[in-house]
Amino acid sequence: MRPLVWDARLAGYAQWYANQRRYDCALRHSNGPYGENIFWGSGSAWTPAQAVAAWLAERRWYNYRSNSCSGDRDCGHYTQIVWRNTRRIGCARVVCFGGAGVFMTCNYDPPGNFVGERPY
């Protein structure tokens, strides 16, 4: 798989959306035109590398043969990161008001996670 390329337009979109979540730190997707992973962590010390590591750790729950996640586990963050057609990424991080934690989002273009398709 080819490495993803940083895209300023996607980063701008991610920052726009993260700024909206700064007020409530809610784990809600933007429902925008891109693929999207979101992350919340309590406290303010969380880094983007830690968020990505958490998403990639979902690999252990992904079963390529059945193209599904094991049991009731989530692995869609992982499959979005490794989606074969995705080429660009942009991310943002905000510390939420009132000490509610950190919200991070990464957006991917073209998006992935299409039902019935395999990520790679």
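Tutor: A nonpolar core is a set of buried Ala, Val, Leu, Ile, Met, Phe, Trp, Tyr and Cys residues joined through side-chain atoms within 4.5 Å. This is a predicted model, so local features need pLDDT of at least 70 and side-chain atom pairs pLDDT 80 or more, while totals for chains, interfaces and linings use all residues. Numbering starts at 1 along each chain as its sequence is written, and side-chain values use heavy atoms, leaving out hydrogens and water.

Student: Which members of the largest nonpolar core touch the most others?

Tutor: Out of 13 residues, they're Phe39, Ala51, Trp55, Ile81, Met104, Cys106 and Tyr108. β6 (102–109) gives two or more residues, as do α2 (48–56) and α3, with β6 supplying the largest share, 4.

Student: What makes Tyr108 a contact of Ile81?

Tutor: Contact means heavy atoms within 4.5 Å, and Ile81 meets that with Leu4, Asn37, Trp55, Leu56 and Tyr108, residues up to four places away in sequence not counted.

Student: What makes β5 and β6 a pair?

Tutor: Pairing takes at least two DSSP bridges. β5 (88–95) has 8 to β6, running antiparallel, so the two pair. In that stretch Gly90 stands opposite Asn107 of β6. A strand here is a DSSP run of E, at least two residues, and a helix one of H or I, at least four, numbered from the N terminus.

Student: Why do β1 and β2 count as edges?

Tutor: The open, mixed sheet of 4 strands is ordered β1-β5-β6-β2. β1 (5–6) and β2 (35–41) each have a single partner strand, so one side of each lacks a neighbour in the sheet.

Definitions and conventions. Buried means under 20% relative accessible area, exposed over 50%, partly exposed in between (1.4 Å probe, protein chains only).
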